[in-house]
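Have the coordinates open as you read.

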Amino acid sequence: IMFTTQVYGDNGKMKEYHYTGPVEHRFSPYSFNGGTVLAVAGEDFAIVASDTRLSEGYSIHSRDSPKCYKLTNTTVIGCSGFHGDCLTLTKIIDARLKMYKHSNNKSMTSGAIAAMLSTILYGRRFFPYYVYNIIGGLDEEGKGAVYSFDPVGSYQRDTYKAGGSASAMLQPLLDNQIGYKNMEGVQHLPLNQEKAVQLVKDVFISAAERDVYTGDALRICIVTKEGIKEETVPLRKD
Amino acid sequence: MALASVLQSESVDFSNYGRQRRGFASGLTETELGLESVGGDSLSFALRTSCSNGDGPDRKIEFLHGTTTLAFKFQHGVIVAVDSRATAGSYIASQTVKKVIEINPYLLGTMAGGAADCSFWERLLARQCRVYELRNKERISVAAASKLLANMVYQYKGMGLSMGTMVCGWDKTGPGLYYVDSEGNRVCGDLFAVGSGSMYAYGIVDSGLKQKDLTVEEACDLGRRAIYQATYRDAYSGGQVNLYHVHSEGWTRVSQSDVLMLHQQYQAEKA
């Protein structure tokens, strides 16, 4: 593990970039694989988008590893954080969805999946899944729904949410453009699908500019009552 | 343990954990788990939630540390007022968090500390209260409900749960208000404020409660004002003020006011 700190030399100027003293190494069961996820809920649609870069430290493992996973015909989940836990968590969710379908003879609704995910995550309260989840889909009335989670299962329904490495950069932009926050005297127009998709693309282009872990490509999943449509848009590869 | 029994399939049996830890000195702080030697247990990773990992995650667990929640009893029941901000370090994760958990139509719980801890255990409490109702054919008292919650989390004492909640309700002895936390405290009282902005809230409520009999309207205004003042001075509180009133028929959601709107309203009143 490279522990980077500033070291001051004899003349007062900053020295080498690497810390060279003794370091205690211990195995960490977690690693951070980067990635950003975003979800927006509209009147009758929901969008879940993620970048496709998989990194670790200074390296890129893959440029084609999207973080959106389709759960049902009306629900998509975006998972970012530690890729190992993302994979296992989505497998567990898929298994639980199947079990529910077999016992209850119907698919799980978005709200039900969100509640279930909360208890799955809390079950590992003392050794958490290092995953930031955002679920996007349609609720029972056909309206768009977004549910955002923390790693141990606290969740709430939102209209829009960004999660992952560039979340702190994206969320304020969404607050302004979708939530009309900090704008006076502006008409609050409802968000239509085309505008929402364009906004998502613009917002990720901005994120790729300033976050090293975000880039390569953008995968957008649009959930409507007709089904789930996927779109891929290239992003900066540097 | 309670957790393992609810989540049958996936969780590890924590009963060995608990037994081993009792013998350790209780010098562990809230956020640090520091489970060094766990012997032959399969989960032998020392998990440190303090951010000392080099390239590891900055802050895995989003704790609602910044918050202001308050509740007080008065002539016509209990007023419960909370803010709605959730912070992860210095990042504001959300301004629209529901910090009042509706346990059942006549019991409310507030949320301070870890968001997941509060919502999970209070949801479990709702289930236990319902079971009580079915078994005993009568509503559970606030004292009993708060005791159930306190006993549930006491089993996990020292393991890093973070929860400071007020259980508010109305039962056959009148209005009830208990403060329960993950340290094992359970205290009955007439007024509580919990969170980083609690001191500011206490100032307002203490001076407002000096006059004996408040009407419902006055009490609501007092609660709202107290949370507003706390959000004004505490950086970690903000968003909206959610106000509930618990009376003999149950609880009512009185109002949800944005703090910015309240600010303008109070400025106008001053003029």
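What covers the buried residues of H5(B)?

## One side of H5(B)

The cover includes strand E2 (68-74), strand E12 (191-195) and helix H6 (216-233) of chain B. In helix H5 (residues 198-208) of chain B, the buried residues are B:Ser198, B:Ala201, B:Val205 and B:Gly208; buried means under 20% relative accessible area with a 1.4 Å probe, protein chains only. They sit on the same side of H5(B) because their arc around the axis is only 95°, going by directions from the helix axis to the C-beta atoms.

## Ground rules

This is a predicted model: local features need pLDDT of at least 70, side-chain atom pairs count only at pLDDT 80 or more, and totals for chains, interfaces and linings use all residues. Residues are numbered from 1 along each chain as written, chains are lettered from A and ligands numbered from 1 in the order written, and side-chain values use heavy atoms, leaving out hydrogens and water.

## H1(A) on H2(A)

Helix H1 (residues 83-104) and helix H2 (residues 110-122), both of chain A, pack at about 125° with axes 11 Å apart. H1(A) contributes A:Leu89, A:Ile92, A:Ile93, A:Arg96 and A:Leu97 to the contact, and H2(A) brings A:Ile113, A:Met116, A:Leu117, A:Ile120 and A:Leu121 (contact means heavy atoms within 4.5 Å). By class, nine are nonpolar, none polar and one charged.

## H2(A) on H3(B)

H2(A) also meets helix H3 (residues 115-136) of chain B, their axes coming within 11 Å and crossing at roughly 110°, so the two are roughly perpendicular.

Terms used:
Axes are lines fitted to C-alpha atoms, for helices over the stretch in contact, and angles run from 0 to 180 degrees between N-to-C directions. Helices (H or I, at least four residues) and strands (E, at least two) are DSSP runs, numbered from the N terminus. Ala, Val, Leu, Ile, Met, Phe, Trp, Tyr, Cys and Pro count as nonpolar, Asp, Glu, Lys and Arg as charged, and the others, Gly among them, as polar. Buried means under 20% relative accessible area, exposed over 50%, partly exposed in between (1.4 Å probe, protein chains only). Angles under 35 degrees count as roughly parallel, over 145 as roughly antiparallel, 65 to 115 as roughly perpendicular and the rest as oblique.
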